[in-house]
Amino acid sequence: MTKKEFFMQKALRQAAVALKYGEVPIGAVVVDAQGVVLGRAFNKVETVHTQTAHAEVLAIARACKKNGDWRLNGCWLYVTLEPCLMCLGLIQLSRIEGVVFGAKSHLFGSRLHTGPQLPSYAKHLKVEGGIKEAESIALLKAFFKDVRKKRKDSRETACGVCSEDREGVK
């Protein structure tokens, strides 16, 4: 197992915890240049009712506290899903050296997955995507499958009529 896979596995463990709590399963780990984990977290957006409770934000905040400085020079962020623009801004402000992510986010991603043609706002950032991608995607699929099932179940019972009784109703 490579160093990147090792730390991504730690981020995946955080994502699995998020899944247990009904959160979008995204996990993040901040590691210093010596390989010491300074901060780890999972999404808590639904739990604390704020969009700023992304795994990256929480992991960076913990890393800064442990580091005793808001600057995370030489540190790397390992996260199971490509960071959004909000998190990318925080990554840059925190002076993180690089990001390793699992799955691409075509919906909310910061376009880090564009490879060598990184957006101009992220030119200095070292980026590698696709590490433990299949595992990251599997967690996300499990979560959204459950969300869709719950929505379907709630629609079927919303009117107080079970699905079998509605079959004959016109």
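How many of the 170 residues of the protein chain count as buried? The share is 41%. The structure described here is a predicted model.

## Overall layout

The protein chain holds six helices and five strands. Read from the N terminus, these elements follow the order α-β-β-α-α-β-α-β-β-α-α. Contacts between residues at least 6 apart in sequence show how the chain folds back on itself: 57% of them join residues at least 24 apart.

The chain exposes about 9,800 Å². Carbon and sulfur atoms supply 56% of that area.

Helix α1 covers residues 3-20 and has 18 residues.

Several residues of α1 are buried: Phe7, Met8, Lys10, Ala11, Leu12, Gln14, Ala15 and Ala18. Just after the helix, Gly22 takes a positive phi of about 80°.

## Glu23, between α1 and β1

Glu23 is found in the loop between α1 and β1. Is Glu23 buried or exposed? Its relative accessibility is 1%, and because buried means under 20%, Glu23 counts as buried.

Not counting residues up to four places away in sequence, Glu23 touches Ala18, Asn43, Lys44, Val45, Glu46, Thr47 and Phe143. Of these, Ala18 is also one of the buried residues of α1. Glu46 is 23 residues from Glu23 along the chain, yet their C-alpha atoms are separated by 6.2 Å. The side chain of Glu23 reaches the backbone nitrogen of Glu46 at 2.9 Å.

## The β1-β2 hairpin

Strand β1 (residues 27-31) and β2 pair in the antiparallel sense, over five bridges. Within this pairing, Ala28 stands opposite Ala41 in β2. Five residues lie between the two strands of the hairpin, and Gly35 takes a positive phi near 85° there.

Strand β2 spans residues 37-42. Five of its six residues are buried, so β2 is largely enclosed by the rest of the structure.

## Strands β3 and β4

In which sense do β3 and β4 pair? The pairing is parallel, again with five bridges. Val79 stands opposite Phe101 in β4. Strand β4 is mostly covered, as six of its six residues are buried.

Glu82 is found in the loop between β3 (76-81) and α4. Glu82 is buried, with a relative accessible area of 2%. A polar atom of the Glu82 side chain lies 2.9 Å from the backbone nitrogen of Ser105.

In soluble globular proteins, nonpolar side chains tend to be buried together. The largest nonpolar core here has 23 residues, and those that touch the most other members are Val30, Ile60, Leu72, Leu77, Val79 and Ile91. The elements that give two or more residues to this core are β1, β2, α3 (55-67), β3, α4 and β4. Helix α3 gives the most, with five residues. Apart from this core lies another, of ten residues, among them Ala11, Val37, Val100 and Ile131.

Which residues does Val79 touch, leaving out those up to four places away in sequence? They are Met8, Ala11, Ile26, Gly27, Ala28, Glu56, Val99, Val100, Phe101 and Gly102. Two of the names in this list, Ala11 and Val100, belong to the core of ten residues.

## Ser94, between α4 and β4

Ser94 lies in the loop between α4 (85-93) and β4 (98-103). Ser94 is buried, with a relative accessible area of 3%. Leaving out residues up to four places away in sequence, Ser94 touches Ile60, Trp70, Arg71, Leu72 and Asn73. Ile60 and Leu72 are also among the core residues that touch the most other members.

The C-alpha atoms of Ser94 and Cys64 are 8.5 Å apart in space, while the two residues are 30 residues apart in sequence. A polar atom of the Ser94 side chain lies 2.7 Å from the backbone oxygen of Leu90.

Technical notes. Residues numbered from 1 in each chain as written. Predicted model: local features only at pLDDT ≥ 70, side-chain atom pairs only at ≥ 80, totals over all residues. Heavy atoms only, no water. Helix = DSSP H or I, 4+ residues; strand = E, 2+ residues; numbered from the N terminus. Buried < 20%, exposed > 50% of the residue type's maximum accessible area, 1.4 Å probe, protein only. Contact = heavy atoms within 4.5 Å. Areas by Shrake-Rupley, 256 points an atom, 1.4 Å probe, with all protein chains shown as cover. Expected span 1.5 Å × (residues − 1). Polar contact = N/O pair within 3.5 Å; in protein donor to acceptor, adjacent residues only side chain to side chain. Pairing = 2+ DSSP bridges. Core = buried A, V, L, I, M, F, W, Y, C linked by side-chain atoms within 4.5 Å.
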